[in-house]
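Welcome! Please open the viewer, get ready to select residues by number, and follow along one stop at a time.

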Amino acid sequence: EDHVSNTASHVQMFEALGAKPPRFAHIALLTAKDGSKLSKRTGSLSTEELREDEVLEPLSILSVLARLGTSDPIEAVKDLHQLVESFDFSKFSRAAAKFQVEDIKRINAQILHDMDYNLIEPKLSERGLKIDEAFWNVVRHNIETLGDVQEWYDIAQGPVDSEIQDEDAEFIETVASCMPDGPWNEETWGQWLEAIKGKTDRKGKSLFMPIRKVLTGMNHGPELADLLPLIGYERAKARLNGQDLKDVA
């Protein structure tokens, strides 16, 4: 958009050289989140930075750029062909469009959430992550980028940075005393929860949140029913007892 005024000069140069001018199209000027102009001089986000700082799917970047400045919704697509089919310069407004990396992360998360294991496995292997399909299916809906998979892998394998609050110390002892024997499966959490409820009057968030924080060091994430088999009996026991997990197999 900010080159509309000099396009006539470009056309004249082509004609002066005896060449046929190309067809020009002007899209909206992209601005930063605060409305300021994107500029290399001010360190604005570049594709190179996106490659270095985030593990993003190329299609997530293209999905945003192909729709930014149009009335079409910015949403995840399955392949580049889908973007090409819907791309039309007539849809672009002349009004400035705000470029936000948050939009790319949102779309990237949607793409990863729907990605099958056979497509993601080579990408994970390139990062040195050898995880199976069961692990991917547990964590895929709780990540924004491939880098987040490493975080959940570390949580599953330990050690984790967890701390038992003084007011929860007695409760966690009760939780530990109710642990079902291993090996664990998707039914373990339900069995464990029923045993805990039989020995405490806690309910809702005050019941499960201290357990989640001790076992994962996080206050959010995949369902514990799905996550517990990945953590395993020995690691869970060590975390509940406040032990250093580096020595736990």
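Where does Arg202 lie? Select it and you will find it in the loop between α10 (188-197) and α11; helices here are DSSP runs of H or I with at least four residues, numbered from the N terminus.

Before moving on, a word on the model: it is predicted, with local features needing pLDDT of at least 70 and side-chain atom pairs counting only at pLDDT 80 or more, while totals for chains, interfaces and linings use all residues. Residues are numbered from 1 along each chain as its sequence is written, and side-chain values use heavy atoms, leaving out hydrogens and water.

**Stop 1: around Arg202**

Show the neighbours of Arg202. Not counting residues up to four places away in sequence, Arg202 touches Glu167, Asp168, Phe171, Leu207 and Pro210; a contact means heavy atoms within 4.5 Å. Phe171 is 31 residues apart from Arg202 along the chain, and their C-alpha atoms are separated by 9.0 Å. Now look at Ser206: its backbone oxygen lies 3.0 Å from a polar atom of the Arg202 side chain.

**Stop 2: two helices crossing**

Next, select helix α11 (residues 204-216) and helix α13 (residues 233-240). Their axes, which are lines fitted to C-alpha atoms over the stretch in contact, come within 8 Å and cross at roughly 110 degrees. That makes α11 roughly perpendicular to α13, a label for angles of 65 to 115 degrees, on a scale from 0 to 180 degrees between N-to-C directions. At the meeting place, show Val214, Leu215 and Thr216 in α11 together with Ala236, Arg239 and Leu240 in α13. The residues of this contact divide into four nonpolar, one polar and one charged.

**Stop 3: Thr216**

Stay in helix α11 and select Thr216. Is Thr216 buried or exposed? Thr216 counts as buried because its relative accessibility is 2%; buried means under 20% relative accessible area and exposed over 50%, with a 1.4 Å probe and protein chains only. The Thr216 side chain reaches the backbone oxygen of Arg212 at 2.7 Å and the backbone nitrogen of Met218 at 3.1 Å.

**Stop 4: Trp192 and the core**

Finally, select Trp136, Val149 and Trp192, which touch the most other members of the 56-residue largest nonpolar core. Such a core is a set of buried Ala, Val, Leu, Ile, Met, Phe, Trp, Tyr and Cys residues joined through side-chain atoms within 4.5 Å. Helix α12 (residues 224-231) gives the most to this core, with six residues.

Technical notes: Angles under 35 degrees count as roughly parallel, over 145 as roughly antiparallel, 65 to 115 as roughly perpendicular and the rest as oblique. Ala, Val, Leu, Ile, Met, Phe, Trp, Tyr, Cys and Pro count as nonpolar, Asp, Glu, Lys and Arg as charged, and the others, Gly among them, as polar. A polar contact is a pair of N or O atoms within 3.5 Å; within protein, one must be able to donate a hydrogen and the other to accept it, and residues adjacent in sequence count only if both atoms are side-chain atoms.
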